[in-house]
Amino acid sequence: MKIDSQEYMGENQLVHRLASQVGSTKLAVDILKKRGDMTASGKLTEKGLQRNAMTAEERAIDRASKKTKHDPSEYRYNPFTNRATLK
């Protein structure tokens, strides 16, 4: 049973939210390891701890602002698409 990722919008929900999005905790952990957010033993790295401390909105805005070099305050977040777009 796939859980709605809207349940996991807050801080410290990185693994749960990704697992709900991809349909499996194992796949989520594999993705986090590949990204460098988690060690081979399954412990969050410093980068992973920083991402985990963010809400889904903060992570989306952070991704978008890094990609485009715009200031994070220039973005609006859509929780249904999990995307941040310029205002």
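Helices (H or I, at least four residues) and strands (E, at least two) are taken as DSSP runs, numbered from the N terminus, and the expected span of a helix is 1.5 Å times one less than its number of residues. The model is predicted, so local features need pLDDT of at least 70 and side-chain atom pairs count only at pLDDT 80 or more, while totals for chains, interfaces and linings use all residues. Residues are numbered from 1 along each chain as its sequence is written, and side-chain values use heavy atoms, with hydrogens and water left out.

Helix 4 covers residues 56-68, and its 13 residues should span 18 Å at 1.5 Å a residue. The end C-alpha atoms of helix 4 are 19 Å apart, which agrees. Burial is judged by relative accessible area: buried means under 20%, exposed over 50%, and partly exposed in between, with a 1.4 Å probe and protein chains only. By this rule A56, R59, A60, I61, D62, A64 and S65 are buried in helix 4. These buried residues pack against helix 1 (14-22), helix 3 (46-52), strand 1 (75-78) and strand 2 (83-86), where contact means heavy atoms within 4.5 Å. Just after helix 4, K69 has a positive phi of about 70 degrees.

A nonpolar core is a set of buried Ala, Val, Leu, Ile, Met, Phe, Trp, Tyr and Cys residues joined through side-chain atoms within 4.5 Å. The largest such core consists of eight residues, namely L14, L18, A19, A28, V29, L32, M38 and L44. At least two residues of this core come from helix 1, and at least two from helix 2 (25-35). A second, separate core has seven residues, among them A56, Y75, Y77 and A84. In soluble globular proteins, nonpolar side chains tend to be buried together.

Two strands pair if DSSP finds at least two bridges between them. Strand 1 and strand 2 are paired in the antiparallel sense over four bridges, and Y75 stands opposite L86 of strand 2. Four residues lie between the strands of this hairpin, in which N82 takes a positive phi near 60 degrees.

A salt bridge is a side-chain nitrogen of Lys or Arg within 4 Å of a carboxyl oxygen of Asp or Glu. The structure contains four salt bridges. In one of them, D30 and K26 meet at 3.0 Å, N to O. Both residues are in helix 2, and because they are four residues apart, about one helical turn separates them. D30 is partly exposed at 33% relative accessibility, whereas K26 is exposed at 60%.

D37 and K47 form another salt bridge, at 3.4 Å, N to O. D37 is in the loop between helix 2 and helix 3 and K47 is in helix 3, so the pair ties together parts ten residues apart in sequence. D37 is buried, with a relative accessible area of 3%, and K47 is partly exposed at 40%.

Within helix 4, D62 and K66 are four residues apart, about one turn of the helix, and their closest N and O atoms are 3.2 Å apart in a salt bridge. D62 counts as buried at 17% relative accessibility, while K66 is exposed at 54%. Salt bridges with shared partners join R51, D62 and K66 into one network.

R59, also placed in helix 4, is buried yet has no salt bridge. The nearest side chain of opposite charge to R59 is E58, 6.8 Å away, where Lys and Arg count as positive and Asp and Glu as negative, and His and the chain ends are not counted. Leaving aside neighbours within four places in sequence, R59 is in contact with L14, R17, R51 and M54.
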